[in-house]
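Here is a colleague's note for a reader new to this entry. Please keep the sequence and the model open while you read.

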Amino acid sequence: NSVDIPSLVAAIEQTIARRPTGLMIVGWDPSALVPLIDKAVDSGIPVVCVDADVPASKRLAFIGTDWFDLGVRQAEAMLKALNGKKGKVGMMGLIEQTIDQQAFAGFRSVAGKAGLTVMEPQQDKGNQADSTRVAAALIQANPDLIGLAGFDSESGPGIGQAIKEANKAGQIVATCVDAEEQHLRLVQEGVLTAAIGQKRELFTYQGVKTLFDVVHNKLKFTSDDRKAGIVPIPVNYNTGTYTVTKSNVDLFVKG
């Protein structure tokens with residue numbers, strides 16, 4: 001529930017020193033990770049990024065969600081719930097992250113065209129306490145707020161808590177990324193309108209299969225693929241999303 005880049009960098013450095021056969025990295029803060037990923041690949045360790053990408057690095061592939069599409073899905077769910085109502089909508093997330101920026105753009109591409117007033121995204125630092133505080137401030141400062149969209153895993157629970165504290169359930173349409181237990185409970189309660197789930201189980205499952213193919217796949221494109229810089233895997237794996245609302249949430253709750 002927090003982002004600690006120095007600890008992530010240290011963990012990757014320690015792992016590279018152990019000379020693994022392959023490495024999966026979540027690409028939080030691409031600027032900090034490019035040198036590490038390049039170092040690993042140059043030393044013969046294949047690297048794939050999962051969940052968040054570092055496209056400027058020498059990573060071999062990205063496996064995860066199309067975040068622009070995730071923003072589109074949130075906007076579509078919000079518009080459906082608003083049913084023609086117009087007004088201000090807020091966005092929250094890790095505003096410095098490339099994936100969140102892509103999601104904001106996806107959200108705007110749909111919500112803006114539909115006539116909603118999309119406010120500038122607000123930083124919620126990836127933890128629930130800050131997310132609650134930011135959402136509460138948006139609600140208080142904008143009495144005409146009709147929608148809130150959250151773009152990191154802690155945004156949804158924070159938005160839900162702020163809406164409950166303001167007694168605005170049913171008045172503010174709230175959407176979020178991820179569909180874990182907290183998110184699902186808030187959807188059941190009618191506090192969150194929609195949760196856009198990522199197929200997270202596919203990230204590491206497909207990541208392992210991808211690394212296995214890099215090492216063991218017998219496909220050949222040249223007489224020396226490594227020298228030619230070719231690997232026998234796709235570059236991008238879009239793992240997709242799903243939308244959870246009150247109408248289908250019971251299918252997702254583990255009972």
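1. Is Leu-116 buried or exposed? Leu-116 counts as buried, because its relative accessibility is 7%. (Buried means under 20% relative accessible area, exposed over 50%, and partly exposed in between, with a 1.4 Å probe and protein chains only.) Leu-116 sits in the loop between helix H4 (98-111) and strand S5 (117-118). Helices (H or I, at least four residues) and strands (E, at least two) are DSSP runs, numbered from the N terminus.

2. A word on the source. This is a predicted model, in which local features need pLDDT of at least 70 and side-chain atom pairs count only at pLDDT 80 or more, while totals for chains, interfaces and linings use all residues. Residues are numbered from 1 along each chain as its sequence is written, and side-chain values use heavy atoms, with hydrogens and water left out.

3. Back to Leu-116. Residues up to four places away in sequence are not counted here. Leu-116 then touches Leu-79, Leu-82, Lys-85, Lys-86, Gly-87, Val-89, Ala-111 and Ile-146. Contact means heavy atoms within 4.5 Å. Ala-129 is 13 residues from Leu-116 along the chain, and their C-alpha atoms are separated by 28 Å.

4. Now the whole protein. It has ten helices and eleven strands. Its radius of gyration is 20 Å, close to the 18 Å that the globule rule gives for 255 residues, so the protein is as compact as a globular protein of that length. (The radius is taken over C-alpha atoms; the rule is 2.2 Å times the number of residues to the power 0.38.) Along its principal axes, the C-alpha trace spans about 65 × 40 × 35 Å.

5. Of the 255 residues, 46% are buried. Take the contacts with a separation of 6 or more: 68% of them join residues 24 or more positions apart.

6. Surface and charge. The protein exposes about 12,400 Å², and carbon and sulfur atoms supply 52% of that area. Areas come from the Shrake-Rupley method with a 1.4 Å probe; for residues, only the protein chains shown count as cover. There are 26 positive and 28 negative charges, and their mean positions are 3 Å apart. Lys and Arg count as positive and Asp and Glu as negative; His and the chain ends are not counted. Each charge is placed at NZ of Lys, CZ of Arg, CG of Asp or CD of Glu.

7. Which residues of H7 are buried? They are His-183, Leu-184, Leu-186 and Val-187. Seen down the axis of H7, these buried residues fall within an arc of 160 degrees, so they line one face of the helix. (The arc is that of the directions from the helix axis to the C-beta atoms.) They pack against helix H6 (155-165), strand S8 (173-177), S9, strand S11 (241-244) and helix H10 (249-252).

8. What follows H7. Just after the helix, Gly-190 takes a positive phi of about 80 degrees. Val-191 lies in the loop between H7 (181-188) and strand S9 (194-198). Val-191 counts as buried, because its relative accessibility is 3%. Leaving aside neighbours within four places in sequence, Val-191 is in contact with Gly-160, Ile-163, Lys-164, Ala-169, Ala-174 and Leu-186. Gly-160 is 31 residues from Val-191 along the chain, yet the two C-alpha atoms are separated by 5.9 Å.

9. Two backbone angles to check. Most residues other than glycine have a negative phi. Arg-19 is not a glycine, but has a positive phi of about 55 degrees. Arg-19 is in the loop between helix H1 (5-17) and strand S1 (23-25), and is partly exposed at 47% relative accessible area. Asn-167 is not a glycine either, and has a positive phi of about 55 degrees. Asn-167 is in the loop between H6 and S8. At 61% relative accessibility, Asn-167 counts as exposed.

10. Glu-154 lies in the loop between strand S7 (145-150) and H6, and is buried at 15% relative accessible area. Glu-154 and Asp-178 are 24 residues apart in sequence and 8.9 Å apart in space, C-alpha to C-alpha. Arg-226 is in helix H9 (residues 225-228), and is exposed at 66%. Arg-226 and Gln-198 are 28 residues apart in sequence and 33 Å apart in space, C-alpha to C-alpha.
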